[in-house]
Amino acid sequence: QAGDALHDGEIYYAVSAEWWKSWLDHTAKGGASPEIVDNSDLADDSGALRKDGVNEGVDYVLKHERVWKLLHGWYGATDSFSGKVVRNAKNEACVDLHPVHFLVFRVGPKETAIRRIDGSPLRVSAFDKLRSLFGKLQSYAKVDNPDHLDSRLWVCEASSSEFNMLREEDMEQLIRDVLTGTGKWNLLIEFKDKGSRDW
């Protein structure tokens, strides 16, 4: 995958296989210089990388971010699709081009109304375990004195407003195995003071 050994945490970009072939022809044979990196055939209606009908090696190739920055600087691009090298369930290195996006909300212990946390959506690898969300969220939500609080997570798809609580028995599962919808979610973190019986 991606032509070279993959190293955890590195970033790769998807490049249209058709465009890449034209660029190789240009460099090897002196053919016409390609125009803008045209990844538009890889995008879905929302501008994200399509999940169905596109395959690595057929529709796109993966290039390290160093290569992408050069290509983008020379030609520009219609669309940009990047992913981090992570470990899948078999502990194999792979590029996660479909991270899960969360709009994050919080409530409690002194706030009774749900409010959205300002900032861009939280992007998390679908290959992470659900339990890893707690650590990421405490930093993202700028939680003061997290050791003095208990927390639990609620989730719903972005198109819905009905939150469902994530169960303790789900926490060791991969995010992609529990959240199987569109990849865009609302995530509510609820806090209460340690020692308090009621949420």
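# Bond, strands and pocket

Student: Where does P109 lie?
Tutor: P109 lies in the loop between β5 and β6 (115-116), with helices (H or I, at least four residues) and strands (E, at least two) taken as DSSP runs and numbered from the N terminus. This is a predicted model, in which local features need pLDDT of at least 70 and side-chain atom pairs count only at pLDDT 80 or more, while totals for chains, interfaces and linings use all residues. Residues are numbered from 1 along each chain as its sequence is written, and side-chain values use heavy atoms, with hydrogens and water left out.

Student: And what kind of peptide bond joins G108 and P109?
Tutor: The bond joining G108 and P109 is a cis peptide bond, with omega at about -10 degrees.

Student: OK, zooming out, how many helices and strands does the protein have?
Tutor: The protein has 4 helices and 10 strands, and along the sequence they follow the pattern β-α-β-α-β-β-β-β-β-α-β-β-α-β. The C-alpha trace spans about 75 × 30 × 30 Å along the principal axes.

Student: What percentage of the residues is buried?
Tutor: Buried residues make up 39% of the 199 residues in the protein, where buried means under 20% relative accessible area, exposed means over 50% and partly exposed lies in between, with a 1.4 Å probe and protein chains only. Among contacts (heavy atoms within 4.5 Å) between residues at least 6 apart in sequence, 68% join residues at least 24 apart.

Student: Let's take β1, then. Why is it described as largely enclosed?
Tutor: Strand β1, residues 11-16, is largely enclosed by the rest of the structure because 6 of its 6 residues are buried. I11, Y13 and V15 point one way from β1 and Y12, A14 and S16 the other way, and all of them are buried.

Student: Which strands does it pair with?
Tutor: β1 is joined to β3 (residues 82-87) by 3 bridges, and these two strands run antiparallel, while β1 and β2 also pair in the antiparallel sense, over 5 bridges; pairing here requires that DSSP finds at least two bridges between two strands. On the β3 side, the bridge partner of Y13 is S82. On the β2 side, V15 stands opposite V61, and Y12 has H64 as its bridge partner.

Student: And β2 itself, is it covered or open?
Tutor: β2 is mostly covered, with 5 of its 5 residues buried. Y60, L62 and H64 on one side and V61 and K63 on the other are all buried, which leaves both faces of the strand covered.

Student: Changing topic: what is the volume of the largest pocket?
Tutor: The largest pocket has a volume of about 730 Å³. A pocket is an open set of points on a 1 Å grid over the protein atoms alone, with protein on both sides within 12 Å along at least five of seven lines, and lining residues have an atom within 4 Å of a point. Grid points are joined across faces, edges and corners, and the volume is the space filled by probe spheres set on the points.

Student: What lines it?
Tutor: The largest pocket is lined by 34 residues, and L49, K51, L97, H98 and P99 lie nearest its centre. The elements giving two or more residues to this lining are β2 (60-64), β4 (93-96), β5 (100-107) and β10 (184-193), and the largest share, 3 residues, comes from β4. By type, the lining divides into 15 nonpolar, 10 polar and 9 charged residues, with Ala, Val, Leu, Ile, Met, Phe, Trp, Tyr, Cys and Pro counted as nonpolar, Asp, Glu, Lys and Arg as charged, and the others, Gly among them, as polar.

Student: Now the cysteines. How many disulfides does the structure hold?
Tutor: The structure holds 0 disulfides, a disulfide being a pair of cysteine sulfur atoms within 2.5 Å. C94 counts as buried at 11% relative accessibility, and C156 is buried with a relative accessible area of 3%.

Note on methods: 1 Å grid on protein atoms, 1.4 Å probe; cavity = no way out; pocket = protein on both sides within 12 Å on 5 of 7 lines; lining within 4 Å.
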